[in-house]
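Let's take a friendly walk through this structure, one packing arrangement at a time. Keep the picture beside you as you read.

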Amino acid sequence: QPDRDHQYWWLAFEAEAKILRMKHVECRYIPFESETEMRKSLRDVILENREWPGYACASATYFELLKGVIEAEDDLRSSHRDVVVFSDWHTPLAINGKPVYQCRWDTYEMGKKSAEILCSMVAGNTRKPQIHSMPVEII
């Protein structure tokens, strides 16, 4: 079962996929275990779903694992799948030389909003914090 952050990212991703009328969108969660176990689990998912046209990685950890698995195997290296990674990196990413799309958000604004919520709670506001949406950009 994914953690709450990844769950929210997936719900947003799935909702947008429906708007875009994507025919097959499926969530596969790779539990945080040892790197070896995570790599094996990810490799199994890739091999079981060779027809998938692309991947969305919820973090840099998953992206690095995906990149390592795909670039390590000849039959996977030749594939032309699209990849989007949720990250706040400001450098271009690629797998086998193919650019990777990045879904970035304003980490400063996210930190500011978090601090405002925390200060409000410390000041005695008993209202439960709400979910806040932050704008993102795909680059």
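In this predicted model, helices H2 and H3 pack with their axes 10 Å apart, at an angle of about 65°. Angles of 65 to 115 degrees count as roughly perpendicular, so H2 is roughly perpendicular to H3. Their crossing is right-handed.

Which residues make the contact between the two helices? The table shows them, helix by helix.

| Helix | Residues in the contact |
|---|---|
| H2 | Glu35, Met38, Arg39, Leu42, Arg43, Ile46 |
| H3 | Thr61, Tyr62, Leu65, Leu66, Gly68, Val69, Ile70 |

Now turn to the largest nonpolar core, which has 21 residues. Ile46, Phe63, Leu66 and Val83 have the most contacts inside this core. Two or more residues each come from helix H2 (35–48), strand E1 (54–57), helix H3 (60–72) and strand E2 (82–86). H3 gives the most, with six residues. In soluble globular proteins, nonpolar side chains tend to be buried together.

Not counting residues up to four places away in sequence, Ile46 touches Tyr55, Leu66, Val69, Ile70 and Leu76.

Finally, look at the loop between E1 and H3, where Ser59 lies. Is Ser59 buried or exposed? Its relative accessibility is 14%, so Ser59 counts as buried, the cut-off being under 20%. Leaving aside neighbours within four places in sequence, Ser59 is in contact with His6, Val85 and Phe86.

Key. Residues are numbered from 1 along each chain as its sequence is written. This is a predicted model: local features need pLDDT of at least 70, side-chain atom pairs count only at pLDDT 80 or more; totals for chains, interfaces and linings use all residues. Side-chain values use heavy atoms; hydrogens and water are left out. A nonpolar core is a set of buried Ala, Val, Leu, Ile, Met, Phe, Trp, Tyr and Cys residues joined through side-chain atoms within 4.5 Å. Buried means under 20% relative accessible area, exposed over 50%, partly exposed in between (1.4 Å probe, protein chains only). Helices (H or I, at least four residues) and strands (E, at least two) are DSSP runs, numbered from the N terminus. Contact means heavy atoms within 4.5 Å. Axes are lines fitted to C-alpha atoms, for helices over the stretch in contact, and angles run from 0 to 180 degrees between N-to-C directions. Angles under 35 degrees count as roughly parallel, over 145 as roughly antiparallel, 65 to 115 as roughly perpendicular and the rest as oblique. A crossing is left-handed if the near helix is turned anticlockwise from the far one by less than a right angle, and right-handed if clockwise.
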